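Me: I want to learn to read a structure feature by feature. Take me through helices, strands, salt bridges and aromatic pairs, please.

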Amino acid sequence: MMEVAGPWTEVFEGSDRNGSPEEESFLRGSTLTLAPLVSESASVRRSQPILISGNRTRGVEAFSSSVPSIPNPFPELCSPSKSAVISSLPPSAGNKHLIKVYGEDSHSRSVWVSPEATARDVCHMLVQTAHCSDQENWALLEVHPALGLERCLEDHEAVWKVQSTWSLKADTRLVFRKNYAKYEFFRKPTLFFPESMISDSADVGKGLTSSELIQNLLKSGTCPEIQGYLQSKEPSRKSWKKVYYFLRRSGLYCSSKGSSKEPRHLQYVANLEDLNVYTVVNSRKLYGAPTDFTFCIKPLKTPVRAQDLKFLCADSEQTRTCWTSSFRLFKHGKQLQCNYQLSKLAPQRREAAKPFTDTKSRSEASLVAMDFSGKAGGRVIQNPTEARSAEREEGQAWRRREALRCSLPNLNSGPRPSSIHKTQPWFHGGVSRTEAQRLIERQGLVDGMFLIRDSQQHAQCFVLSLCYKLKTKHYLVIPCEEEGRKYYTMDDGVTLFIDLLQLVEFHQINKGTLPVCLKHPCVCVL
């Protein structure tokens, strides 16, 4: 008999590694199983793995429970193609659910969540896992690509509860995306609720202006009654009909006689507690809508089917945003106000949670403006106006030095690359005008949202697409040459920039010829 030094051997060793099902079981995260050697005649035959059931009964255990289970070292092999699993081992069944979240590049990530996990919790988990530098203004969207429907989940909504209402056959997904406009109506209410759409309620007659009424109602977690004409389409019809609608706390109503508000002319349309509101993408092509500003309402507990949807079409983006924001406020009430307050407190909590050893943040907090122009060695600038003026002068001096540095030949390295803008998150290459507007709309129509793209009509030119007052404006960036050097300008050569990066940095602190400073770059999140 042949003696063997040790009593155990690993399953995958030597010539027996032939891709057996047991090996695949290990790759799926199973426990590595060891077996004793048995000798027959003059040869050694290696043992086969014994699969140990996870629900063993007392008295039939094959091995001692002291053998530890080995965590799965390859979690990415357990998930679908082009996907990654955040949790390396699935939690116990019954208290966790697996959801799949997509990025804007159509790649997905699988996440184990509890039934009570909210959209805010899942966003926080994804931000931490993806190591996002900007941790604010993230959102989960419920997207139905075939129907062209999108809805931003509220921060307090349970994600698994939302997903449980989906049809298994439908191509419905959760998308992780930036959304700057989720609570913008709290910051600029008069922009989102125009006076012409506010119903003439009794509060206005008590001496309150329209703006004061909106402010008071938003602070209490509600909004004024909304009224106006919308184009309506029933599921059984192909044509659109212009109808006057009223949105109140008690529900959505339409008038059977023009804009009459008499009770005998009002028809009850929907209960706000039992519906969700979706924006419709590409509604002209999919549903023959008269404009692109379409939204729809759907019963809450039924799967998304075209026959259950009621489509409504507005005449402008401001009108559509007013209606959809009012639906949200009437349905969720005070909870939206709480979500908004929590979103404002989140950065302060993260800052307070930082360890005291963070010397960089402590030093930055103690910085003061100083003037070194005199002979005394420098003085602290106490006046805030003087400090801001000094900051502007320093910025202009830096730009002059930067322009001079880039204009001089550098013997140690090559010239500054002219394509430096291609590495910036705000540059979107050759996207069309329509696609640029769609990208900005996806991440929120807030003032200062911008991107830069190649011009499709003018060679070697670029276009700055900027959102202002719920509309996307486009500004041509023209290259010009002065003293043998290439520059870029948006005001016929009055202000010159050596590249697009300098143009963006300048307009982030100066409006220049733009209606608002550049604030939020429209990025494509992977």
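Reply: Start with helix α12, residues 433–442: its buried residues are Ala436, Leu439 and Ile440. Buried means under 20% relative accessible area, exposed over 50%, and partly exposed in between, with a 1.4 Å probe and protein chains only. Those three cover an arc of only 95° around the axis, which puts them on the same side of α12. The arc is that of the directions from the helix axis to the C-beta atoms.

Me: What kind of model is this, and how are residues numbered?

Reply: It is a predicted model: local features need pLDDT of at least 70, side-chain atom pairs count only at pLDDT 80 or more, and totals for chains, interfaces and linings use all residues. Residues are numbered from 1 along each chain as its sequence is written, and side-chain values use heavy atoms, leaving out hydrogens and water.

Me: Where do the element names come from?

Reply: Helices (H or I, at least four residues) and strands (E, at least two) are DSSP runs, numbered from the N terminus.

Me: What do the buried residues of α12 pack against?

Reply: Three strands: β20 (449–454), β21 (462–468) and β22 (471–482). Contact here means heavy atoms within 4.5 Å. After the helix comes Gly444, with a positive phi near 110°.

Me: How does the span of α2 check out?

Reply: The expected span is 1.5 Å times one less than the number of residues. For the twelve residues of α2 that should be 16 Å, and the end C-alpha atoms are 16 Å apart, which agrees.

Me: On to strands. Which strands pair with β11?

Reply: Two strands pair if DSSP finds at least two bridges between them. β11 pairs with β12 (residues 241–248) in the antiparallel sense, over seven bridges. In that pairing, Tyr229 has Tyr244 as its bridge partner. Three bridges join β11 to β17 (residues 310–313), again antiparallel. There, Ser232 is partnered by Leu312.

Me: How many residues of β11 are buried?

Reply: Six of the eight residues in β11 (residues 226–233) are buried, so the strand is largely enclosed by the rest of the structure.

Me: Next, salt bridges. How many are there?

Reply: Side chains of opposite charge can pair when their charged atoms come close. The rule asks for a side-chain nitrogen of Lys or Arg within 4 Å of a carboxyl oxygen of Asp or Glu. The count comes to 13. One of them joins Arg151 and Glu142, at 3.1 Å from N to O. Both residues are buried.

Me: What about Lys188 and Asp447?

Reply: They form a salt bridge, with the closest N and O atoms 2.8 Å apart. This pair also links distant parts of the chain, 259 residues apart: Lys188 lies in the loop between α4 and α5 (189–192), Asp447 in the loop between α12 and β20. Lys188 is partly exposed, with a relative accessible area of 31%. Asp447 is buried, at 14%.

Me: Which residues do shared partners join into one network?

Reply: Glu142, Arg151 and Glu157.

Me: Last, aromatic pairs. How many does the structure hold?

Reply: A pair of aromatic rings is described by the distance of the centres and the angle of the planes. Rings of Phe, Tyr and Trp (its six-membered ring) pair if their centres lie within 6.5 Å; planes under 30 degrees apart count as stacked, over 60 as edge-to-face and the rest as tilted. The structure holds 14 pairs. Among them, Tyr253 and Tyr268 are edge-to-face, 5.4 Å centre to centre with 70° between the planes. Tyr253 is in β13 (residues 251–255) and Tyr268 in β14 (residues 266–270), 15 residues apart.

Me: Are those two tyrosines, Tyr253 and Tyr268, buried or partly exposed?

Reply: Tyr253 is buried, with a relative accessible area of 16%. Tyr268 counts as partly exposed, at 48%.

Me: Which residues form one aromatic cluster?

Reply: Tyr183, Phe185, Phe186, Phe192 and Tyr340.
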